[in-house]
Amino acid sequence: MPSEGRCWETLQALRSSDKGRLCYDRDWLLRGEDVLQECMSLPKLSSYSGWVVDHVLPHIQKNAPPSETSASSVSTSALNQPSSVPRSPLRNPAFSPVSSAISNGTKDKHESPHTEPMVLQSPRGMKVEGCIRMYELVHRMKGAEGLRQWQEEQEKKVRALSEMASEQLKRFDERKELKHHKEFQDLREVMEKSSREALGQQEKLKAEHRHRAKILNLKLREAEQQRLKQEEQERLRKEEGQARLRGLYALQEEVLHLSQQLDASDQHRDLLQVDLSAFRTRGNQLCSLVSGIIRSSSENGFPTVEDQAVAEGALQEMRDLLSNLHQEIGRACEEKRRRDEEEARIKQQESQMQQRPEAHKESPVPNQGPGAKPNEDLQVKVQDSTMQWYQQLQEASSRCVLAFEGLSSSRDSQAKKIKMDLQKAATIPVSQISTIAGSKLKEIFDKIHSLLSGKAVQSGGRSVSVTLNPQALDFVQYKLAEKFVKQGEEEVASHHEAAFPIAVVASGIWELHPRVGALILAHLHKKCPYSVPFYPAFKEGMALEDYQRMLGYQVKDSKVEQQDNFLKRMSGMIRLYAAIIQLRWPYGNRQETHPHGLNHGWRWLAQILNMEPLSDVTATLLFDFLEVCGNALMKQYQVQFWKMILLIKEDYFPRIEAITSSGQMGSFIRLKQFLEKCLQRREIPVPKGFLTSSFWRS
């Protein structure tokens with residue numbers, strides 16, 4: 001346009017003028033002493049000039065009259081007042097947004113105290129600069145509008161998300177409530193099902209109860225019938241027992257009658273000059289045997305068939321004894337008659353040969369009237385029945401040794417290994433027996449019982465069984481019995497309390513395996529003949545060392561062990577024997593009798609008192625036996641036991657004292673003090689270490 005060209009020319013003219021060369025700056029007061037220096041520089045237009053040329057002047061021209069003169073004057077007046085150019089947009093409300101936008105766009109430039117004024121450019125450049133600034137303004141406005149719209153969209157999204165979260169929370173609550181309802185319904189169904197099952201189970205239990213009640217009624221009827229049957233059997237048993245008891249009384253009466261006949265024959269002893277004390281002694285023993293059978297039968301109820309058989313055997317032996325006595329008396333009478341006839345004949349011949357009468361001289365005869373005191377010496381030899389029993393046990397032991405001779409003498413490495421494992425399995429558990437706890441004792445017993453029963457047991461990390469060899473069972477039984485006796489010889493001799501746990505295991509094994517018990521007795525009798533009791537006799541031609549071994553002494557390299565050690569070993573074995581006869585395995589069958597009970601202890605005590613005492617040995621063994629077994633014998637035999645104790649004190653003590661030297665009185669004094677104390681208290685104390693019920697609960 002022509003007006004634009006004139007404006008440019010006007011501006012060029014103003015620039016060329018002295019005033020145009022001046023630098024106008026709204027911040028000149030802040031710049032200080034640089035003001036005068038800037039006055040000397042070339043005049044420059046500010047950065048607002050282009051914007052004024054492009055926006056303000058065209059706007060003013062549109063509002064002014066169309067004449068060029070007025071336009072020029074306006075432009076000239078406008079140019080002549082440069083200080084008002086930058087303020088016109090601020091005062092015009094129409095341009096306030098633009099000016100604010102420009103001021104915002106140029107804020108960074110105004111922050112600098114030294115804003116460089118823009119050099120006046122060509123009209124095209126100013127136009128471009130103005131367009132750029134307008135574009136930036138529009139872009140900023142669009143950006144602000146976009147930001148506002150984005151914020152609104154974000155707010156809408158946030159509201160939408162909030163509403164959606166609220167809805168989801170509601171749906172979650174609904175699903176949760178539905179799940180609770182469903183779980184409640186399932187629980188109700190389960191409870192109903194359980195209730196139905198419980199009712200069904202209850203009905204089933206009722207049916208089972210009715211069935212069991214029916215079975216129980218049947219069992220009760222059977223039990224009642226069994227009870228009636230047992231009562232009938234008991235009645236028959238009592239009748240039979242009473243009949244046997246009456247028979248025993250009749251046998252005892254006959255035995256006593258025969259014994260009186262034996263006593264009556266004593267008058268022939270002085271007349272015939274024969275010793276009949278053996279017949280009388282045996283008769284007294286048979287009477288005591290029958291009396292003991294009747295006494296034990298009275299204590300236990302009724303005599304058994306075995307008791308009746310033993311009594312009948314005693315009666316028959318008494319009859320045979322009386323018959324032998326009569327035969328002996330008959331032979332003695334015949335011998336005396338023959339001697340008398342011979343003497344009469346000799347005298348008659350002498351009287352006929354004499355020429356002169358001579359006084360007849362009679363030789364004196366010793367005065368042995370019927371009132372003479374009989375021989376009251378005790379026995380030295382054991383009874384025949386006891387000796388026979390002893391020999392049977394030794395023969396059984398010898399047969400057992402022969403039975404496993406092939407295994408013991410085998411040179412095969414496998415057989416030797418089996419033998420060694422079996423010996424360890426049999427002897428090691430016995431060595432482990434102690435008084436620690438009943439549960440440990442039961443484990444040892446079960447292991448020994450399993451081995452003897454053919455079951456496999458662990459020994460040394462290997463499995464061992466008697467089925468590995470046909471001779472293994474005999475070998476194990478022999479070694480086990482030998483080990484039990486060896487424990488009595490060594491362990492019990494040193495620790496007296498150990499007799500009871502060893503004895504209770506041995507008694508339990510004896511009850512389940514009788515052959516082991518017989519072998520235990522055989523080993524015990526061989527090592528300690530006084531447990532029979534048996535006093536071996538010295539035979540002609542026997543070596544002294546062999547005889548000492550028969551007596552129980554240990555002989556090594558022709559040296560006999562000391563007496564104290566010998567008595568200690570004998571004491572240990574007697575204590576073990578005394579513990580065995582009174583103890584039973586607590587987990588066994590209580591209905592069965594003890595395989596070797598207190599009656600054998602009573603027999604041993606009676607027989608050893610019927611034998612002559614041995615110096616130092618008899619007193620030691622009696623003390624050990626009574627200390628261990630005296631309490632049990634006292635409870636079993638009561639009055640008879642105390643009679644036996646009085647017999648020991650009054651009759652047997654003088655015999656022991658008579659043969660005991662002053663240096664060996666220790667054992668005798670100990671026995672005497674023990675019995676005197678027991679008689680004073682009228683009680684035999686319970687032995688130390690006796691197994692009580694609390695031991696088995698540990």
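Predicted model: local features only at pLDDT ≥ 70, side-chain atom pairs only at ≥ 80, totals over all residues.
User: Which parts of the chain does the pair of Phe500 and Phe690 link?

Analyst: Distant ones: Phe500 belongs to helix α18 (residues 499-512), while Phe690 is in the loop between α25 (665-681) and α26 (693-697). The two residues are 190 residues apart.

User: Is Phe500 buried or exposed? And what does Phe690 count as?

Analyst: Buried means under 20% relative accessible area. Phe500 has 2%, so it is buried. Phe690 counts as partly exposed because its relative accessibility is 31%.

User: What is the geometry of the pair formed by Phe641 and Trp642?

Analyst: That pair is edge-to-face too, at 5.6 Å centre to centre with 70° between the planes. Here both Phe641 and Trp642 are buried.

User: Which residues do ring pairs link into a cluster?

Analyst: Tyr530, Tyr535, Tyr553 and Phe566 are joined in this way.

User: Where does Lys442 lie relative to Tyr587?

Analyst: Look over the face of Tyr587: Lys442 is there, 5.2 Å from the ring centre.

User: What does UniProt list for residues 206-242?

Analyst: The unreviewed UniProt entry gives "coiled-coil region" for that span. In the model, residues 206-242 are 100% helix and 0% strand, and their end C-alpha atoms lie 51 Å apart.

Terms used
Residues numbered from 1 in each chain as written. Heavy atoms only, no water. Helix = DSSP H or I, 4+ residues; strand = E, 2+ residues; numbered from the N terminus. Buried < 20%, exposed > 50% of the residue type's maximum accessible area, 1.4 Å probe, protein only. Phe/Tyr/Trp six-rings, centres within 6.5 Å; stacked < 30°, edge-to-face > 60°. Lys NZ or Arg CZ within 6 Å of the ring centre and 35° of its normal. UniProt positions renumbered as here; feature names shortened; annotations may be inferred.
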